[in-house]
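Please look over the sequence and the model below before reading on.

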Amino acid sequence: MSIKIALEFLNKLEKNNNREWFAENKSEYDAALKATKAVFNEIYLKMQVHDELDKMKLFRIYRDVRFSKNKLPYKNNFGGTFHRVKPRLRGGYYVQIQPGNNFIACGFWDPNKEDLLRIRKEFEMDDDEINTIINDSKFKSVWGELKGDELKTAPRNFDKDHEAINLIKKKQYIFTKQFTDAEVCKDDFAQKVNDYFKTIRPFFDYMSDVLTTDLNGVSLIKD
């Protein structure tokens, strides 16, 4: 099922983001949601061949406006996450459908303070392996540069002149890839997303190993 009707609906919603219009066009929304779910489910099934996912979650289009200055009632995108089996497997996947801003992302959006400290300590001790992974030519041809919010200076108790400080001061570890509207409407979109997500595995395997062991390499997972 083509996701084109989802883009068409979102284009209209962008110009008519109010409850009255939405109610009058609920059937069009339902069709757009159905098409999006079909594509996301296709991605989910393809990924299960090479990864272990416990669920796929499609976010609601309804915005929580209670504490926001933006009072528009609806999001202008369809977004969904694909959850790996935790605690053994770490990292997550995200797909967003939005006219002019379609993208996929993967990595660590909001690591808890314990995980973030463990990651930073690993990079402080040895950053050779992570740099080998993220600077691999095939990897970079798909994902480009590592992204994510970061501190302006070194975290507490870390040396601001450490050779890995650019990795250590990050608060997120994310990779993203954009798609045009035409690309997401093609029949091979789900396959391409699957193929791109598959190339992130060296990064996820490494980070999973870091986050499931202590600094001595002893497993933290209880049998």
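Where is the place of Pro 87? In this predicted model, Pro 87 is found in the loop between S2 and S3, and the peptide bond that joins Lys 86 to Pro 87 is cis, with an omega of about 10°.

The protein chain as a whole contains 10 helices and 5 strands, and its C-alpha atoms fill a box of roughly 60 × 40 × 35 Å along the principal axes. Of the 223 residues in the chain, 44% are buried. When contacts with a separation of 6 or more are considered, 67% of them are between residues 24 or more positions apart.

Helix H3, which covers residues 26-47, has 22 residues and reaches 31 Å from its first C-alpha to its last, close to the 32 Å expected at 1.5 Å a residue. Its buried residues include Tyr 29, Leu 33, Val 39, Phe 40 and Met 47. Among the elements that cover the buried residues of H3 are those in the following table.

| Element covering H3 | Residues |
|---|---|
| Helix H1 | 4-15 |
| Helix H2 | 19-24 |
| Strand S1 | 53-58 |
| Strand S2 | 78-84 |
| Strand S3 | 92-97 |
| Helix H9 | 189-198 |

In soluble globular proteins, nonpolar side chains tend to be buried together. The largest nonpolar core here has 59 residues, and the members that touch the most others are Phe 9, Phe 78, Val 95 and Phe 203. H3 gives this core its largest share, 8 residues. Setting aside neighbours within four places in sequence, Phe 203 is in contact with Gly 107, Phe 108, Ile 130, Ile 133, Ile 134, Phe 139, Tyr 173 and Phe 175.

A last point concerns Asn 157, which lies in the loop between helix H6 (137-143) and helix H7 (165-168). Its phi is near 70°, a positive value in a residue other than glycine. Is Asn 157 buried or exposed? Asn 157 has a relative accessible area of 70%, and it is therefore counted as exposed.

How values were computed:
Residues numbered from 1 in each chain as written. Predicted model: local features only at pLDDT ≥ 70, side-chain atom pairs only at ≥ 80, totals over all residues. Heavy atoms only, no water. Helix = DSSP H or I, 4+ residues; strand = E, 2+ residues; numbered from the N terminus. Expected span 1.5 Å × (residues − 1). Buried < 20%, exposed > 50% of the residue type's maximum accessible area, 1.4 Å probe, protein only. Contact = heavy atoms within 4.5 Å. Core = buried A, V, L, I, M, F, W, Y, C linked by side-chain atoms within 4.5 Å.
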